[in-house]
Amino acid sequence: MLYDISLKITYGYEVPVSGGRHLVRVLPASIPGRQRLIAGSVTCQPTPDERAESVDFFANPTTSILFRSVHDQLVIRMQARVQAEASALTADFSPPLAGLPPQLSACWSIDAESPHHFVGPSPLLSDVPEIAAYARAIAKEGMTVQQIGVAVCDRIHRDFVYDGEATTVNTTPGEAFKLKRGVCQDFTHVMIVALRSLGIPAGYVSGFLRTLPPPGKERLEGADAMHAWVRFWCGTTGGWMELDPTNNIPAGSDHIVVGHGRDYGDVAPVIGVLKSYGSHTTEQAVDVIPVG
């Protein structure tokens, strides 16, 4: 699928800020066998005093911007054309859960794709006993790693209610689990904690969803803003697989990847510091339109 993607993030400051430095991760990545960035740009208003492009540890395109002048609003725009080539889950080559630790131990790599980065707690995701018990009840004896991932995804989708007002960006997985409500970030964080509690490496995927569904299909939940879903490691042969617990589907050609990380903190669209005080507002608008 070929898509034209546009994103606009607007920050309005109650009190004008006298400076700021931010890292922006909103441009889709080129991933062999998954998707190709044909063209893309990130612009800011006001124009930054300094700007630099880089790639972070997890190979996510990153724009660093610095402001010295006073401003009361920041607008970040992203435009991209992307060829998405993702396919749905295929044959299950993953081992039973008991067979995963030997394969993990045999993996000596510590590059960005290494499953070792995604096994234990990460900055935003600590162990949650209630979620661990929840996961153990789902993972039946003899199930493969892929089957467990699919079962956890399905159970979270059935047990949780999508509610954009129930949580904030700072809500912890434990809090979201108690509420059984939230948005894609909450669904994704809970599923990651559940899989990691079983010893399955799992990470966070930030990206976009197709805005307009194909004929006869329902519109996917979370298509109005940046989306999130889960990738988990299915062993040496199975490799990484992606599931969307918000919609209970494999991540396919309707999912465009912006970045991979251990949790939301590694792929937040905008992070940084400001010289200011008072509150601020944030608005986000997304369009992911098939070409032709």
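A polar contact here is a pair of N or O atoms within 3.5 Å; within protein, one must be able to donate a hydrogen and the other to accept it, and residues adjacent in sequence count only if both atoms are side-chain atoms. With that in hand, look at Asp56: a polar atom of its side chain lies 3.0 Å from the backbone nitrogen of Phe58, and the Asp56 side chain also reaches the backbone nitrogen of Asn60, at 2.8 Å.

A word on the background: this is a predicted model, in which local features need pLDDT of at least 70, side-chain atom pairs count only at pLDDT 80 or more, and totals for chains, interfaces and linings use all residues. Residues are numbered from 1 along each chain as its sequence is written, and side-chain values use heavy atoms, with hydrogens and water left out.

Asp56 sits in the loop between strand S4 (50-55) and strand S5 (61-67); helices (H or I, at least four residues) and strands (E, at least two) are DSSP runs, numbered from the N terminus. Its relative accessible area is 18%, so Asp56 is buried; buried means under 20%, exposed over 50% and partly exposed in between (1.4 Å probe, protein chains only). Leaving aside neighbours within four places in sequence, Asp56 is in contact (heavy atoms within 4.5 Å) with Arg25, Thr62 and Asp266.

What does Asp56 form with Arg25? The two form a salt bridge, that is, a side-chain nitrogen of Lys or Arg within 4 Å of a carboxyl oxygen of Asp or Glu. Arg25 lies in the loop between strand S2 (20-24) and strand S3 (35-45), so the pair ties together parts that are 31 residues apart in sequence. Arg25 is buried too. The salt bridges number 11 by this rule, including these:

| Pair | Closest N to O |
|---|---|
| Asp56 and Arg25 | 2.9 Å |
| Asp163 and Arg181 | 3.0 Å |

Arg158 and Asp154 are both in helix H3, four residues apart, about one turn of the helix. Arg158 is exposed, at 55% relative accessible area, while Asp154 is partly exposed, at 26%.
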